[in-house]
Amino acid sequence: QVQLVESGGGLVQAGGSLTLSCAASGRTFGSYTMGWFRQAPGKERQFVAAISRSGYSTYYADSVKGRFTISRANAKNTVYLQMNSLKPEDTAVYYCAAARSWSVDPNYDYWGQGTQVTVSS
């Protein structure tokens with residue numbers, strides 16, 4: 001069982017930056033692929049980024065490529081999402097998730113409660 005708690009969301013102006021953090025419980029954090037997803041009102045949950053167990057491999061949605069960076073610190077049981085050059089269309093609830101195998105689909109095994117990111121124009 002893995003429990004995930006996101007933090008770092010908030011209100012930011014377009015062009016600004018935010019860093020989301022996701023703290024995981026348990027001693028097996030390093031055995032999970034970690035991902036970030038987002039869901040805007042009235043829309044389906046959307047993949048944002050994923051990082052492999054070691055952190056060596058990452059993958060991004062086209063909509064955030066070049067602006068967002070996913071990273072992890074296995075010693076701290078934490079995964080991060082650095083978001084730069086934010087746009088109003090990035091406004092959503094952002095979810096951290098853990099999967100036993102590599103995936104960019106929302107079929108992850110564990111989910112956090114989400115953190116709101118609002119980008120004003």
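Because the model is predicted, local features require pLDDT of at least 70 and side-chain atom pairs count only at pLDDT 80 or more, while totals for chains, interfaces and linings use all residues. Residues are numbered from 1 along each chain as its sequence is written, and side-chain values rest on heavy atoms, with hydrogens and water left out.

The structure contains 1 disulfide, a term for a pair of cysteine sulfur atoms within 2.5 Å. Its partners are Cys22 and Cys96, with an S to S distance of 2.1 Å. The link is left-handed, with -75° about the S-S bond. It connects distant parts of the chain, since Cys22 belongs to strand β3 (residues 18-24) and Cys96 to strand β9 (residues 92-99), 74 residues apart. Strands (E, at least two residues) are DSSP runs numbered from the N terminus. Cys22 is buried, at a relative accessible area of 0%, and Cys96 is likewise buried, at 0%; here buried means under 20% relative accessible area, exposed over 50% and partly exposed in between (1.4 Å probe, protein chains only).

Attention now turns to the aromatic residues. The model holds 7 aromatic pairs. Rings of Phe, Tyr and Trp (its six-membered ring) pair if their centres lie within 6.5 Å; planes under 30 degrees apart count as stacked, over 60 as edge-to-face and the rest as tilted. Phe47 and Tyr59 form a tilted pair, 6.0 Å centre to centre with 35° between the planes. Phe47 lies in strand β5 (residues 46-51) and Tyr59 in strand β6, so this pair ties together parts 12 residues apart in sequence. Phe47 is buried, with a relative accessible area of 13%. The pair of Tyr108 and Trp111 is also tilted, because the ring centres are 6.2 Å apart and the planes stand at 55°. Tyr108 is buried at 6%, whereas Trp111 is partly exposed at 27%.

Tyr59, in strand β6 (residues 58-60), is partly exposed, with a relative accessible area of 43%. Leaving aside neighbours within four places in sequence, Tyr59 is in contact (heavy atoms within 4.5 Å) with Phe47, Val48, Ala49, Ala50, Trp102 and Val104.

Ring pairs join Phe37, Phe47, Tyr59, Tyr95, Tyr108 and Trp111 into a cluster. Arg45 lies over the face of Tyr95, 3.9 Å from the ring centre, and over the face of Trp111, at 4.6 Å. A charge sits over a ring if NZ of Lys or CZ of Arg is within 6 Å of the ring centre and within 35 degrees of the ring normal.

Key
Helix = DSSP H or I, 4+ residues; strand = E, 2+ residues; numbered from the N terminus.
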